[in-house]
Protein chains: 2
Amino acid sequence: MPNPRPRVVIIGGGFGGLYAARALRHAAVDVTVIDRTNHHLFQPLLYQVATATLAPTDITAPIRWLLRNQSNTRVLMVEVTGIDVATRTITCADTGPLSYDYLIVASGSRHSYFSHAEWEKIAPGLKSIDDAIVIRQRFLLAFERAETATTAEERQRLLTFVVVGGGPTGVELAGMLPLIARRALPPEFRAADPSSTRVILLEGGPRVLPSFSESLSSHARRELEELGVEVRTSSVVTRLERGAVWVGDERIGCETVFWAAGNESSPLGRFLGAPLDRAGRVRVAPDLSVPGHSEVFVVGDLADMTTDGKRVPGVAPAAMQSGPHAARNIVRLIEGRVTKPFRYRNKGDLATIGRHRAIAMFPSLEVWGKPAWWLWLFIHIMYLAGFRNRLSVLIEWAYSYFTYQRGARLITGRRGL
Amino acid sequence: MPNPRPRVVIIGGGFGGLYAARALRHAAVDVTVIDRTNHHLFQPLLYQVATATLAPTDITAPIRWLLRNQSNTRVLMVEVTGIDVATRTITCADTGPLSYDYLIVASGSRHSYFSHAEWEKIAPGLKSIDDAIVIRQRFLLAFERAETATTAEERQRLLTFVVVGGGPTGVELAGMLPLIARRALPPEFRAADPSSTRVILLEGGPRVLPSFSESLSSHARRELEELGVEVRTSSVVTRLERGAVWVGDERIGCETVFWAAGNESSPLGRFLGAPLDRAGRVRVAPDLSVPGHSEVFVVGDLADMTTDGKRVPGVAPAAMQSGPHAARNIVRLIEGRVTKPFRYRNKGDLATIGRHRAIAMFPSLEVWGKPAWWLWLFIHIMYLAGFRNRLSVLIEWAYSYFTYQRGARLITGRRGL
């Protein structure tokens, strides 16, 4: 006898996929959540792992642990290699094909090097926990190498960090580095002087955090500069090589470059037979389904969604809202009802810059400085998945806050360097 | 003007090297501590990282952070490639040569595959934090793969774990696995049944934990069996291949093999021109110096030390005692006094087996079961370096103790697989 319950497959265990799965917990469906990692990642705090403040386990939790009590749901750790919307089948790298009746694609985005894939080796980006571990390793190794360097020039080159991209990730990274270099590390070094660390933030456009208002954006710039970051706007990287970044004719000597200059969508969007926007996002119908395939939905970063004619930003709250919306539309379809269009509710937008420094933009309110930072802190603790992590993150943060020390200064996996 | 203070170089930031450096904090010497990693590792708890209970950052601390307030000491993260005792020079991989007046070699040991170096890829060992991350990854991946496996045979092979070696590390690993598989994981899996996990401990000799008394050793065996471990003594692995372990003619099908069957000394011992024992340990003089080189000392695991004619075991307390002893002998030499012979004070020996199960052997007392386990816990919390880690370890342990859950079930670095 065939299984009478519709099979819903969700690709991706990020905010979009996880929240979609949770929205189906009481539905009469069989849910399969697929991710190529075993963990849900609390991405807004990823930069804190990259800068050795939090441990990787503080901001991750096994997806199957988060969904363990949801008996209609199974979790598979496999890599999806293709989607055939005609036969409603997904092909995977490590196991046989999977059939679905309804599909939610929530596979997000990766950082993009545009047409310079070779830059990835030199300038790691920050999307996954493995990325964060690599950045943490490079960041900490630069100081270690400065301590054994034999010339002052070499030492200065090793202590120069360039962050490419003035969006939220670039600003977060750039804002943390000087604080750690100047407050936490100096007593431990004898030859190198971590307080002489230079941090340069390169942004191609005219201002940092361009998704915020102009006034908040200039607040952010001023705060970055007060922290000791050299902010250079309208500065497009034209060449990257080991030991140097080029902006036009100017050569900036540096050992370590981090990349936060752009995203490209998950390649799975290309299998859906739907039009894509320039960044590879799938242009979805108002109900988040794929035109021509009412049983396939795309949510989160991978979807080009609009509300009131405005593009929904690729932020965590949009994934948290669109995932469950698609799930509820699937339930509507199963029950023979019509789907509802997605409306993004913008609850405000936050970006943190560094200790006591953040900006926040609400529909009719702008906040910056200390109040915005405490707000950021409060909201992120509230949203952090799972009680355990929240407690250990609180302890790490309290420790860092009062001592300026960093609790996770571990260099692992050097073999790859 | 030459530096008037004698230069003491310490190779290795483990218990021997770290404690030696600390013992020199008030000495009129310039101390250089060299390690190829950036961290001191609390090795007795390494198996807890391998089994996803503690995070790697819980049991590590940057060596330079631990020694930050010791102004006569610098820390270099470099790999030593050679020692020339004639010219008193050390060569390094990443920086120029270093000269010393006094040298303490505390570079310890690695796990050994004897004449089967090719087994390392199949059966990872457990000495470094990177090793522990690899074992954690293999352990967790086995369950993930069992969930997507298509046949019952394949599933059983994936859920069979073999631990080779019945010393403390092998027993700790084998004792943790069934508990996690049967208590923590089952609610999260739909196709695989983690409670059907088989754990087989293979020991080549006649009993597990052979450094303990026969009666404690049989207690340990019984407790392992109660936990669900199949203990096989006098079982020498004759062949290892992907998917199977061979003991003579018997083939044991299994996905995951962990290696805890033997140590070999750091290759640096060979540069000292001193006789080595069969395991590569340096036969030191009673004062821990190298015969013919009174300015070179070897401590910890790498030294073949004796007290009252008995060999000092390669355990953490022996490193913690021999490191400072060598340091004090160096001070004696500088002050024109004679060195003192090292006497190991055996304060007792502990081995943990699993929840509520451990054995402890003191000069005139043997303890096993729950009391030994609580004693083990208490002693390890006391010794764990650094307040911060101790607190977060306590929280993790309390969490695991009461909920049976594991807080660090993160799979990272899959690219290497």
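Guide: We begin with a definition: two residues are in contact if their C-beta atoms, placed from the backbone, lie within 7 Å. Please bear in mind that this is a predicted model.

Visitor: How many residues of chain A are in contact with chain B?

Guide: On chain A, 41 residues are in contact with 41 residues of chain B. Of the interface residues of chain A, 100% are also interface residues in chain B, so the copies meet through the same surface.

Visitor: What rotation superposes chain A on chain B?

Guide: A rotation of 180°, with 0.0 Å of shift along its axis, brings chain A onto chain B at an RMSD of 0.0 Å. The two copies are therefore related as by a two-fold rotation axis.

Visitor: Which element gives the largest share of the side of chain A that touches chain B?

Guide: Helix 4 of chain A does, with seven residues. By class, that side of chain A has 17 nonpolar, 13 polar and eleven charged residues.

Visitor: How are two packed helices described?

Guide: One gives the angle between their axes and the distance between the axes. In chain B, helix 6 (residues 168–184) and helix 7 (residues 214–227) pack at about 25°, their axes 9 Å apart. Angles under 35 degrees count as roughly parallel, so helix 6 of chain B is roughly parallel to helix 7 of chain B. Their crossing is left-handed.

Visitor: Which residues make the contact between helix 6 and helix 7 of chain B?

Guide: Helix 6 of chain B contributes B:Val171, B:Ala174, B:Gly175, B:Pro178 and B:Leu179, while helix 7 of chain B contributes B:Ala220, B:Leu224 and B:Leu227. This contact has seven nonpolar residues, one polar and no charged.

Methods
Residues are numbered from 1 along each chain as its sequence is written. Chains are lettered from A and ligands numbered from 1 in the order in which they are written. This is a predicted model: local features need pLDDT of at least 70, side-chain atom pairs count only at pLDDT 80 or more; totals for chains, interfaces and linings use all residues. Axes are lines fitted to C-alpha atoms, for helices over the stretch in contact, and angles run from 0 to 180 degrees between N-to-C directions. Helices (H or I, at least four residues) and strands (E, at least two) are DSSP runs, numbered from the N terminus. Angles under 35 degrees count as roughly parallel, over 145 as roughly antiparallel, 65 to 115 as roughly perpendicular and the rest as oblique. A crossing is left-handed if the near helix is turned anticlockwise from the far one by less than a right angle, and right-handed if clockwise. Ala, Val, Leu, Ile, Met, Phe, Trp, Tyr, Cys and Pro count as nonpolar, Asp, Glu, Lys and Arg as charged, and the others, Gly among them, as polar. Copies are superposed by least squares on the C-alpha atoms of residues with pLDDT of at least 70 in both.
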